[in-house]
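Colleague: I am new to this structure. Please take one part of it, the strands and how they pair, and go through it closely.

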Amino acid sequence: MRHVIALDVGGTWMKAALLGVDSAPAPGTAPVLLHRERRATGRERGPEAVVAEILGFAADLAAHGAAHLGGPAAAAGVAVPGIVDERGGRAVYAANLGWRDVPLRDLLTERLGVPVALGHDVRTGGLAEGRIGAGKGAGRFLFVPLGTGIAGAIGIGGGVEAGAHGFAGEIGHIVVRPGGADCPCGQRGCLERYASAAAVGEVWARVSGRDDADAADCAKAVANGDPGAERVWQEAVDALADGLVTALTLLDPGTLIIGGGLAEAGETLFRPLRDAVGRRITFQTPPTIVPAALGDTAGCLGAGLLARDLLGPVDLDRTDPSEVTA
């Protein structure tokens, strides 16, 4: 069966799938998930070992497809973190993996012998959310995952904008509190220092006196009516709304998709966030604010979409997100 390799490289795990792309499915029919697998990234062994692990994993996936699916993969898509030159196919820098200027697309193409697409992990996840997830059918959307940091993916017409230098969507480094907390990027008062899951967890641990407390604990305390947690949460929501309204003013998306660990709080986050954004907008048209639909499968699905795009008009957009949990 004609298929593609999809690989999502994270700091700890790599998630992969083989996705069938034989023909455009009839309406409502999803292409078949043929295989899924995960493997440790192995970053503790250094950046060269990580690259070797990626190449080896991709080769093993190709071998599995050749042995069990009637032939080699037609293409591959790989999503990686950090700074990514998608046009040039280079993994420029990733702090959590330790690499610099790795020609990953060329290395994978040589190893696999098929066309390879390289994408930024958040933009790739945003591509999946926009085409087959929470933003399906939206012409313009903004995908913002709230995790250890905050990033963004700007969706336009079925694609995701990388920017002139690969930095488009870095909403986490909009300054929302001038002169505020130091950010590793070199600025002070960046959004991700106030509204990321890591930032909320850090503040709640200090306020609650529990060193092991995290953002999920804060959300639970908010749901239980804890006034201290409510103050911490509202400060984070207000900072997030400030950053989002800046982005809305610049980009005018129809749909705003919020994902990442903080979004798992559900309406504990979305109810006050919608209110806070609504209070701040004046002339802007309010976007539809929705939770992400694909969870941690978005990067893998997006990598499959990148691979599919290399092949032409075959339609992978109707993939059922519930089928991919690699």
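Modeller: Strand E6 (residues 90-94) and strand E7 (residues 99-102) run antiparallel and are joined by three bridges. Strands (E, at least two residues) and helices (H or I, at least four) are DSSP runs, numbered from the N terminus, and two strands pair if DSSP finds at least two bridges between them. Ala91 has Val102 in E7 as its bridge partner. Four residues lie between the strands of this hairpin, where Gly98 takes a positive phi near 80 degrees.

This is a predicted model: local features need pLDDT of at least 70, side-chain atom pairs count only at pLDDT 80 or more, and totals for chains, interfaces and linings use all residues. Residues are numbered from 1 along each chain as its sequence is written, and side-chain values use heavy atoms, with hydrogens and water left out.

Now the open sheet: its five strands have the order E3-E2-E1-E4-E8, with mixed pairing. Strand E3 (33-40) and strand E8 (116-120) are the edge strands, each pairing on one side only. Within the sheet, strand E1 (residues 3-9) pairs with strand E4 (residues 75-80) in the parallel sense, over five bridges. Asp8 stands opposite Ala79 in E4.

Helix H9 (residues 298-309) packs on the sheet and touches E1, strand E2 (13-20), E4 and E8; contact means heavy atoms within 4.5 Å. The direction of H9 makes about 140 degrees with that of E1. Axes are lines fitted to C-alpha atoms, for helices over the stretch in contact, and angles run from 0 to 180 degrees between N-to-C directions. Helix H2 (residues 104-112) lies across E1, E4 and E8, running at about 150 degrees to E8.
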